[in-house]
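Try each task before you read its solution.

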Amino acid sequence: MTPDANTLFLRLEGPLQAWGDTSKFVIRRSMDAPTKSGVLGMICAAMGLSRAAARERLPELNRLAMGARIDRPGTRWWDYHTVGAGIGLTTAGGGVKTGAQGTLITRREYLADASFLVALRGEPSLISQVAQALATPIWPVYLGRKSCPPSVPILAMPRADESWANPGHFNTLDDALAAVPWCPRYDHDPTPRGTADTIIEWRAAHDDDTAPEEAEVWYDAPVCFEPPVHEPRLVLRRVIAVNSGGPAQQRTPAPPRPRADYNNAEYKERRAQRLEADHGLCVFCKAPGTTVQHITYRRAGGDESQEDLRALCRLCHDAVTMIEYGTGMGLDRIDPCLPHWRDEILRTRGEILRFRSEEGRRRALRQASKPVVRELLEEEGA
Ligand SMILES: [Zn+2]
């Protein structure tokens, strides 16, 4: 390892992974790539940090910029989960909680057989500490949920014929993710594969940089694990050339976040029909519609009717999703056509726009330990 090594590579691969965007829901979804919260949680476990100790270290760990390369997206999978079949729940104190709720039903989403290359970039001394912790973890590490053990060592290692090092020195996360050759599933898989999808954290290089329009807001920068508190960060989706050592070759617009089986031809067809029925416009603000979202999960993945879907623009979609993060909505989601959501959607849209703006971004970078959204709300007197 060179003394200026500023980039660490993790290989996140296993039968199941679950990168939840929230832990409060009855439906616990998974994002389509590792979250910062999940990855930093893994590092804290490897370092043997208690939740209280983790809170102390998180401001420093959050300074690591993260990029993920989706080498295999995996297959989305649900489990059906019940707690206490009407017989009462045993509490930690040894009592029995009968309650009026009866059986608690939750659904959890997983990515089966996915493989991600994650790069973390930051101060060489911190990179070296994290590398040591992951090489000899104090507590077990897992891929987002405790039921998801990794199937290969977390620290990615170059093959004998490869020239990259872990940790290594790179000027950008794009360069880092491009430098590691794509890892085939089986020895007989066709190689090399030329490009890969990536999700890379966006950071301002200069004070007057503004986040690109297509940047997505992910609420996954952990402030605290118990109770879970997250701050937003901006990420960009790009297709990069792999193992060329070059910078990003092209940009792609952000696709809608996968929720149901988006590869299902039937679903694609219904989605296209819905966009056409809505004249290609967002049902809320009439900007060009870029995504179609479910308003219920009852019939998702191709069995839904046009009534279950709504065309939305990126901003309204993000606003609606963000509101849902704070509400336990079960199988139903927010219908942006309902008048009683109007003010809340407008307010949240404003919040996202402010966060994207220069001022909000500067504040986010300078006060990494302070929850940005809460502060913005306080300013508004909300
Ligand atoms: Zn809109």
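**Exercise 1.** Which residue is the bridge partner of Phe9 in strand 9?

*Solution.* Start with the ground rules. Residues are numbered from 1 along each chain as its sequence is written. This is a predicted model: local features need pLDDT of at least 70, side-chain atom pairs count only at pLDDT 80 or more, and totals for chains, interfaces and linings use all residues. Strands (E, at least two residues) are DSSP runs, numbered from the N terminus. Now find strand 9, at residues 115-121. The partner of Phe9 there is Ala119.

**Exercise 2.** Find the strands that pair with strand 9.

*Solution.* Two strands pair if DSSP finds at least two bridges between them. Take strand 1 (residues 7-13): seven bridges join it to strand 9, antiparallel. Next take strand 4 (residues 65-72): it also runs antiparallel to strand 9, with seven bridges.

**Exercise 3.** Decide how well strand 9 is covered.

*Solution.* A residue is buried if 20 or more other C-beta atoms lie within 10 Å of its own, exposed if 12 or fewer, and partly exposed in between; C-beta atoms are placed from the backbone. Seven of the seven residues of strand 9 are buried. One side holds Ser115, Leu117, Ala119 and Arg121. The other holds Phe116, Val118 and Leu120.

**Exercise 4.** Why is Arg72 classed as partly exposed?

*Solution.* Locate Arg72 in strand 4. Arg72 is partly exposed because 16 other C-beta atoms lie within 10 Å.

Terms used:
Helices (H or I, at least four residues) and strands (E, at least two) are DSSP runs, numbered from the N terminus.
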